[in-house]
Structure formats: structure tokens, C-alpha cells
Number of protein chains: 2
Amino acid sequence: MATTTKAQEASTTPFSDALRVTEGFVLADRDPHSTPAFDGDKAAGQKALAAADEELDDLQERLYARSRVGVDRQRVLLVVQGMDTSGKGGIMRHVVGAVDPQGVQLTSFKKPTEEELAHDFLWRIRKALPEPGMIGVFDRSHYEDVLVVRVHDLVPQEEWEQRYDVINAFEQELVDDDITLIKVMMHISPEEQKERLQERLDRPDKHWKFNPGDLDERAHWDAYQEAYQAVMDRCSPPGAPWYVVPADRKWYARLAVQQLLLEHLRQLDLEWPEADFDVEAEKARLAAM
Amino acid sequence: MATTTKAQEASTTPFSDALRVTEGFVLADRDPHSTPAFDGDKAAGQKALAAADEELDDLQERLYARSRVGVDRQRVLLVVQGMDTSGKGGIMRHVVGAVDPQGVQLTSFKKPTEEELAHDFLWRIRKALPEPGMIGVFDRSHYEDVLVVRVHDLVPQEEWEQRYDVINAFEQELVDDDITLIKVMMHISPEEQKERLQERLDRPDKHWKFNPGDLDERAHWDAYQEAYQAVMDRCSPPGAPWYVVPADRKWYARLAVQQLLLEHLRQLDLEWPEADFDVEAEKARLAAM
């Protein structure tokens, strides 16, 4: 693949090409502070984010409309992973929040409940899959079962080792069922995390977002990066690749995830569905009422 | 504590006082084209809607934060009812859509499924009740069981007649469980509905929103108004009153529902929760990492 400088191609490279994980990917080589596929500053990024709202709205409504009329079963699933404070909540609020809530199914996966633990790790995931026409969004996901579970050996290694293949088979099943899968890792630096945790401690209105457990997890930073690298190595086939989004700059990360969503929706060829009734006959009926 | 919004400044009457259903209410006397509690025009209304976003955002986050830290179990349930084309979807998109999706649980109640019909009519409603800290939103609700069910005699009269009391007891249970209930009827005129149905027939990108059944229902207009009047007469106790929102002007209806939500949130006295950990100790730990 030919490399191009930012100045040459910044505005014409799709975000999906710039951020997609491919063969030989090395997480440690990706700069969390960089802004691939975009050479503007923060103000330009915020402007670009707002400017794309209308198209996103239009495409989402077309996706939804097609399912209502039963034209097809297409739907989207945006999976968002990342370390604490990497900005997942901001993505939910500012990117997902800009989409009509009637077309979104958002699920935040927390520590599994007793009931969830009694089932296979994909049980709770399957229950949350988006219906046709919907944009499903996972805040954390089945990948926690090879991330936190691996770092803390919550199940024996031979068990979590098998999960990479199980996940690949599961995701292939989704793709075969007309689900457009967009897997995003919010890639933050440890220095930036420290600043964000500090802010949560400094501001009384942010205390509720802080949990002493966040610092326990921070102590395992390197093990988490290793676990993420393993995910990229083993669960990024061409049909369901990961996108690694540099997340030290919040404005860039939001723009990047929005554009990833847009670029995938554009590829779905979402024509408005034809009426499944006789339009002229209904007009005549209405006129007489 | 709460800042005043432009919508408040335009009139001294709170929207909740202007729109609340009280003893002796007559639906037919309410003008669907009026704009109670607001003196401005469309442009002023849209400006007021946007201006209140920040306060709504702040109050929603406080509500959510308190539940996370376990301070209380407060939550809100906004119930939206109305004839076809009365603008329920617009409320979801423009009012509910402005709230952080992580704090919203939106449920659209369609024609009941076989499974739902096999249970008591409140079964599916109870399953969708908001968790502590959340703003639940019902697009249609248990009131369909005394509206469409009554108009079409889908169950014997002696059965739907009992439901008003069942609903009152159910809602009292919710209020006792710290749920702030806001019941909104979108009040549209038959002339305005005709125009909106006409638009759905005229525009190919709106065909998917039209269903020939909408005209069948329109033919029962008077029976529906009567059923709504019965709801107002029998299910509007002081603790869980209805608010009838004139809905012929979309901009007004959106502003009114947003302001009803805001006025109710303001009454909850949502202080930020105190930290449930030792802030200074955590700061020291973080500094050492």
C-alpha cells in the first residue's frame, strides 16, 4: 500500500481506510494524539461534525423506512471499546445522540450479572442485537470477555483462548445476516487518561464518574494494551475489521466515529422504499373524508 | 439554582399549569391551534427550544448521576399519546433526541404481539418501566388499551371499563415508587391531520409512513375523541394528571413537551451526589501512577 503524506491526501482519504486494522497492525505504533484523514483543527472538526448531521439523519431514516415496509433486513451494529475515560460516553452523547432515538438501540454492557454469568458469554450480546432497520450501538461488548477477563484471568486461559474463534464465527454469522458491523477502539494514551481521571477527582460534579476501581485497572495498562493487540491480531478479518480511533483529542474521535458510521451507511445503497399500497386510490379516499 | 429559559420569560404561566387537565375538563373546548403559556411566534419557539437544551442536559445528568451513586431511585416517565400524525415521532426526534441517549429508555408500543396478548395488558408496560436515574419515554402506552381497544371493542366493554381503575392503581404504584409521571396528549384537529396525511401521500419519501389503516382509523375520529375524554375524566388524579398539548403547530408542541419535562425535573431538587470514596486519598494514588 502506498503511503501518502497528510498534506496530499488528508481530505480525500476515507476515515475507514485510514483507521482500518489490517495484517501486521501494531497498536503501539498508532499515535493516540494523531488525526488521520483530517488535517483541520478543533474548530474545523466540530464544524465538520455538525455539518454531517443532516446526511446521517437522512441515511438513518432511509434504513429505518426500508425495514418498516419490509424491503430488506439491513441494520448496523457499532461496537465501541476503549479504556476508562477514552471517551466512549462522549461518543454516545455526541455522535449516537445526534441520531433519531427511534432508530437507535443502545446497550451499555456492565459487569455481567449472576444470570448473565450463568449463560455463554454471547447470550447477553445476542439479546441486544439490533432489529432490522435499526442502528445498534454497544458501549463495551463481547470483547470484554477477552479483555478484562484475560487481564484478570476471570476464567481459565484455555477458556478465553477459545473465545477469539467463537467471536469470529459469531460475527461472520451477523455479517451473513445483513448486519453491517463497525468495531471501534478508542485509543487513548496513559498520559491523557491521567489528566481525565484527575479532572474527575478535581470537579465535584464529576465525582460520580470516578470509581477507585478505575485506578486499580490503570495499574494494568500494559496488560490491557497487550489484550487489545491480541484482539486486533485475531479478530479483524476483512469482513469485520477493527477501526482504531486516536482518542486523545475528543473532537477528533467524535468526528472519526461519525464518519465511520456515515461511510458504512453510504455503502448500503438506501433508496426510499416504494409504496406497498395504491397511492392514487388512497388520495381519493382521503379527499372524500 | 435552575436558570430561567426564554420560554419562561415569554409568559409567566408555567406550561404545566396552562396544560394540566383538572376537574371539569372538556377536550372539545381546547383549541389545537393555540399556544398556551407562550406568546412568541414560530421563530421564537424554535429559539426557546434550542435555548433550553443545556438546562435539560444538566438536569438529566444529575438525575442519572444520583442513581449511579445510589443516592435515590428517582426517575421520570414521559407518556406520549395522540392520534396518527399528531407529532409523536417529532417529539421523540426533537425533544427526546436532544437528551443524552445513555439516560433515556424509549419504548414504542405497537399492536400487541401474541405473547403480549396472552398476558395482562400491563405486562408489557411494566417490563418497559425506566430504571432509577433514567428518563423513560413511552410512544403510545397502556392507554391504547382504553383507546383503540374501546373504539373497536377489541375486548368486551365490561373488561375495558375496569381498566380505568386498574390504570389509576398502577400509576399510583409508580408515583409511590419515586417515578415522576408526565402524561401528554398531543391534541390535533381533523383538518390538520388531513393535511399531514395528504403530505405523506404526496411525497414519495414519506410513503413508508402511510398505512391505508390510517384512513380507517380517521373514520372513527369522534369515537376516539370520546375515548380520550373518558381517559381525561377517569385517569387524571392530582398525582398523575394529563397534560393536553395543542399540536396543530409542531414547533409549539415540541416546546411545550420539552418545558413540561423541564418543569418536572426542576422540582426534583437534583443536587450532585457526594463522592462515596476518599477524594484526597485517590488523588494521592493517581499522582503516584
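Buried area is taken here as the accessible area (1.4 Å probe) that two parts lose on being put together, summed over both. The structure is a predicted model, in which local features need pLDDT of at least 70 and side-chain atom pairs count only at pLDDT 80 or more, whereas totals for chains, interfaces and linings use all residues. Residues are numbered from 1 along each chain as its sequence is written, chains are lettered from A in the order in which they are written, and side-chain values use heavy atoms, with hydrogens and water left out.

Between them, chain A and chain B bury about 4,200 Å², of which 62% lies on carbon and sulfur atoms. Of the area that chain A buries against chain B, 19% is supplied by Arg93(A), Trp208(A) and Leu286(A), more than by any other three residues. With contact defined as heavy atoms within 4.5 Å, 44 residues of chain A meet 44 residues of chain B. The two chains are also linked by 14 residue pairs in polar contact, both residues being at pLDDT 80 or more; a polar contact is a pair of N or O atoms within 3.5 Å, where, within protein, one must be able to donate a hydrogen and the other to accept it, and residues adjacent in sequence count only if both atoms are side-chain atoms. On the side of chain A that touches chain B, two or more residues come from each of α4 (53-69), α5 (88-94), α10 (190-202), α11 (212-218) and α14 (279-287) of chain A, helices (H or I, at least four residues) and strands (E, at least two) being DSSP runs numbered from the N terminus. The residues of this side divide into 23 nonpolar, 5 polar and 16 charged, where Ala, Val, Leu, Ile, Met, Phe, Trp, Tyr, Cys and Pro count as nonpolar, Asp, Glu, Lys and Arg as charged, and the others, Gly among them, as polar.

Side chains of opposite charge can pair when their charged atoms come close. Under the criterion of a side-chain nitrogen of Lys or Arg within 4 Å of a carboxyl oxygen of Asp or Glu, there are 49 salt bridges over all chains, and the count between chain A and chain B is 11. In one of them, the side chains of Arg93(A) and Asp57(B) meet at 2.6 Å, N to O; Arg93(A) lies in helix α5 of chain A and Asp57(B) in helix α4 of chain B, so the pair joins two chains. Relative accessible area is classed as buried under 20%, exposed over 50% and partly exposed in between (1.4 Å probe, protein chains only), and Arg93(A), at 22%, is partly exposed, as is Asp57(B), at 21%. A salt bridge also joins Asp202(B) to Lys283(A), at 3.6 Å, N to O.

Within chain B, Arg163(B) forms a salt bridge with Asp145(B), the closest N and O atoms being 3.6 Å apart. This pair links distant parts of the chain, with Arg163(B) in helix α9 and Asp145(B) in the loop between β3 and α8 of chain B, 18 residues apart; both residues are buried.

Helix α4(A) has buried residues that include Leu56(A), Leu59(A) and Tyr64(A), and their cover includes β1, β3 and α13 of chain A together with α5 of chain B. Just after α4(A), Gly70(A) takes a positive phi of about 80°.
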